[in-house]
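Have the structure open beside you and follow along.

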Amino acid sequence: MYNKGISKENLGEYPKAQNYLFLALSLMPKSLNTYKAIARVNRKNKTYMNAIDFYDKAIALFPNKAELYAGKADIHRKLKEYNYAIDAYSMAIKLDSNNSEYYIARGEIRHLQNDIQGAINDFTGAIDCNNKNYRLYEQRAFYKAEKKNYESAEDDYRKAISLCTDNPHLYFMIAAVELLQNKKPDAKINMDKAKSLGIKEELI
């Protein structure tokens, strides 16, 4: 029954998928995968409160599964219930502190709430989990620049460039923060590099 439900889900036949999955759950009432599938199908079907309800039921049975809190948080975010989303992601992080995606998601929500420092802190957590992803340094640099912490933003852009040396946007952005610090010669060097890689915008 579970496999039939997943097949119907993949076809976009969500009511039929739920019927099969409910039957599968009645046969195996402690199946984590079935709870997750029902919640996921409800999310796809935009029956969000039902999805949250099934995540809550699954959490009651499996309170130590971080992905359940993260799935619930994602729905709260979609509904713009940001405080609930942050609480759920915080619980996911408590249970699985090595998952960079949880920090990223919580950081993005905090940014939406204009908690820029909170967003910076979460991207620091994400970097602690995965320090080889240039996008994490790039995003943290952007938030630091919003806080007018230009020198630290420049450091993050340099780290991002060291991990991805042919990205024109990174050279453009580091030039921008250098210019804000009145480092015009450095900014020109990086702007020229950005142009050589295809950037059309002008800073200098």
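R158 counts as partly exposed, at 39% relative accessibility. That label follows from the cut-offs: buried means under 20% relative accessible area, exposed means over 50%, and partly exposed lies in between, with a 1.4 Å probe and protein chains only. You will find R158 in helix 10, which covers residues 150–163. Helices here are DSSP runs of H or I with at least four residues, strands are runs of E with at least two, and both are numbered from the N terminus. Leaving out residues up to four places away in sequence, R158 touches I174 and E178, where contact means heavy atoms within 4.5 Å. Y171 is 13 residues from R158 along the chain, and their C-alpha atoms are separated by 8.7 Å.

A word on the ground rules: this is a predicted model, in which local features need pLDDT of at least 70 and side-chain atom pairs count only at pLDDT 80 or more, while totals for chains, interfaces and linings use all residues. Residues are numbered from 1 along each chain as its sequence is written, and side-chain values use heavy atoms, with hydrogens and water left out.

**The chain as a whole**

The chain holds twelve helices and zero strands. Its C-alpha trace spans about 70 × 30 × 25 Å along the principal axes. The radius of gyration of the chain is 22 Å, whereas a compact globule of 204 residues would have one near 17 Å. That radius is taken over C-alpha atoms, and the globule rule is 2.2 Å times the number of residues to the power 0.38.

Of the 204 residues, 45% count as buried. Among contacts between residues at least 6 apart in sequence, 43% join residues at least 24 apart. The accessible surface of the chain comes to about 11,000 Å², and 48% of it belongs to carbon and sulfur atoms. These areas come from the Shrake-Rupley method with a 1.4 Å probe, and for residues only the protein chains shown count as cover.

As for charge, the chain carries 32 positive and 26 negative side chains, with the centres of the two sets 5 Å apart. Lys and Arg count as positive and Asp and Glu as negative, while His and the chain ends are not counted. Each charge is placed at NZ of Lys, CZ of Arg, CG of Asp or CD of Glu.

E146 has 39% relative accessibility and belongs to helix 9, residues 134–146. Not counting residues up to four places away in sequence, E146 touches H111 and I116. E146 and I116 are 30 residues apart in sequence, yet 7.7 Å apart in space from C-alpha to C-alpha.

Is A17 buried or exposed? A17 is buried, because its relative accessible area is 0%. A17 is found in helix 2, residues 14–27. Leaving aside its neighbours within four places in sequence, A17 is in contact with G5, K8, E9 and V41. A37 is 20 residues from A17 in sequence and 9.2 Å away in space, C-alpha to C-alpha.

S100, in helix 7 (residues 100–112), also counts as buried, at 13% relative accessibility. Its contacts, apart from neighbours within four places in sequence, are A126, C129 and N130.

C129 itself is partly exposed, since its relative accessibility is 26%. C164, in turn, is buried, with a relative accessible area of 15%. If you are wondering about disulfides, a search of the whole structure finds zero; a disulfide would be a pair of cysteine sulfur atoms within 2.5 Å.

Most residues other than glycine have a negative phi.
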